[in-house]
Amino acid sequence: MTPVLEATGISVVHRTRSGPLHAVTDVSLSLEARRTLALVGESGSGKSSIAKAVLHLPPPTSGTVRLDGTDLAALSARELRGLRPRMQMVFQDPLSSLNPRRRVRDIVAEPLDAHPGTPPKGGRDARVDELLDAVGLPGDLFADRRPTQLSGGQAQRVAIARALAAEPRVLIADEAVSALDVSAQATVLNLLRGLTETLGLAGLFISHDLGVVRAVSDDVAVLYLGRLCEEGPTEDVLAAPTHPYTAALLAAVPEPGRALAADTRLVAADPPSPLAPPSGCGFRTRCPLATARCAAEQPATVRIAPDRRVACHHPLTGA
Ligand SMILES: Nc1ncnc2c1ncn2[C@@H]1O[C@H](COP(=O)(O)OP(=O)(O)O)[C@@H](O)[C@H]1O
Ligand SMILES: [Mg+2]
């Protein structure tokens with residue numbers, strides 16, 4: 001099956017006053033219809049840099065992004081503008097992404113109004129009601145409200161309805177539930193998962209919290225200092241993490257009755273700066289299992305099962 005979205009070997013280098021900052025290095029991701037991939041990593045690990053590179057906002061420093069097989073770098077600016085609505089993004093702070101002076105109906109209709117040539121079947125307002133319905137907000141109660149009259153969870157659902165109005169192939173949620181309370185988080189997570197399935201979207205769900213990933217993703221990719229350290233089906237990775245960093249993240253998620261095989265304590269509290277990364281494996285300065293080899297050599301990414309990959313000199317086994 002051709003992936004809906006395929007990023008191959010993408011790197012992102014930001015120019016800073018202190019020199020080039022390698023935010024993302026050689027990351028490959030593949031998104032399929034009706035599936036959600038969770039991208040997990042601490043703050044500063046490069047998650048948002050990947051999301052922007054995937055959308056070509058701006059393009060990655062190197063590597064390629066294909067949408068339905070089309071290399072975005074091969075498109076003219078106009079063609080790219082035409083394709084962009086197929087990739088929609090939902091952000092952390094819903095209220096700041098919604099114009100406070102507009103009514104919910106007009107916010108949700110923004111993508112429809114941007115392309116007045118193709119009126120939706122049944123008309124604009126009927127389509128808005130349908131979209132609000134899809135995110136669990138009855139139009140008769142919500143369409144005439146303004147963003148300040150919404151809770152955080154409701155505002156995020158309006159942002160999702162607006163994203164859906166563009167009929168995307170890919171839905172990227174960047175820390176979309178981080179600012180919500182626990183019950184609103186659950187509502188929005190279930191909604192995102194249901195929508196990727198019913199609408200056949202490919203989902204990229206970005207979070208610093210491995211705990212929320214279980215609820216929403218089919219597959220997980222763990223990011224550390226701009227590189228992927230472990231990838232695989234969410235159930236398998238969470239049941240038996242092989243990278244010591246995944247194990248450490250998992251150990252920080254409270255769950256009774258779970259036993260992990262290795263010492264999962266991080267050696268240092270904070271990740272190193274991407275401006276001055278350690279030699280060899282980026283994780284070695286916090287890794288309880290690090291050896292001299294980890295300082296000398298960047299670990300290659302190895303396939304340990306048909307759908308699982310890990311980049312570590314000392315992967316955990318039999319967790
Ligand atoms: N526009 C930018 N200019 C310079 N540095 C940036 C820029 N955007 C992000 N960074 C740096 O790149 C690294 C990754 O950031 P980001 O992708 O936002 O991570 P995350 O979303 O995982 O928190 C961080 O060290 C951050 O400071
Ligand atoms: Mg971010």
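Which residue follows helix 8, and is its phi positive or negative? Glu167 follows helix 8, and its phi is positive, near 50°. I will come back to that spot.

First, the ground rules. This is a predicted model, where local features need pLDDT of at least 70, side-chain atom pairs count only at pLDDT 80 or more, and totals for chains, interfaces and linings use all residues. Residues are numbered from 1 along each chain as its sequence is written, chains are lettered from A and ligands numbered from 1 in the order in which they are written, and side-chain values use heavy atoms, with hydrogens and water left out.

Now the overall picture. The chain has 13 helices and 12 strands. Helices (H or I, at least four residues) and strands (E, at least two) are DSSP runs, numbered from the N terminus. The radius of gyration is 20 Å, close to the 20 Å from the globule rule for 319 residues, so the chain is as compact as a globular protein of that length. That radius is taken over C-alpha atoms, and the rule is 2.2 Å times the number of residues to the power 0.38. Along the principal axes, the C-alpha atoms fill a box of roughly 65 × 50 × 40 Å.

Next, burial. Of the 319 residues, 49% count as buried. Buried means under 20% relative accessible area, exposed over 50%, and partly exposed in between (1.4 Å probe, protein chains only). Then contacts, meaning heavy atoms within 4.5 Å. Take those between residues at least 6 apart in sequence: 64% join residues at least 24 apart.

Back to helix 8. Helix 8 covers 152-165. At 1.5 Å a residue, its 14 residues should span 20 Å, and the end C-alpha atoms are 20 Å apart, which agrees. The expected span is 1.5 Å times one less than the number of residues. Of those 14 residues, 13 are buried, so helix 8 is largely enclosed by the rest of the structure.

Glu167 sits in the loop between helix 8 and strand 7 (170-174). Its phi is positive, about 50°, although Glu167 is not a glycine. Is Glu167 buried or exposed? At 52% relative accessibility, Glu167 counts as exposed.

Step on to strand 7. Ile172 is in that strand. Ile172 is buried, with a relative accessible area of 0%. What does Ile172 touch, leaving out residues up to four places away in sequence? Its partners are Ala51, Val54, Leu55, Gln88, Met89, Val90, Leu204 and Ile206.

Helix 1 is mostly covered, with 6 of its 8 residues buried. After helix 1 comes His56, with a positive phi near 55°. Then look at Leu57 and Pro58, which are joined by a cis peptide bond with omega about -5°. Pro58 is in the loop between helix 1 (47-54) and strand 4 (62-67).

One last stop: Arg34. Arg34 lies in the loop between strand 2 (19-31) and strand 3 (35-40). Arg34 is not a glycine, yet its phi is positive, about 65°. Arg34 is partly exposed, with a relative accessible area of 49%.

That is the tour.
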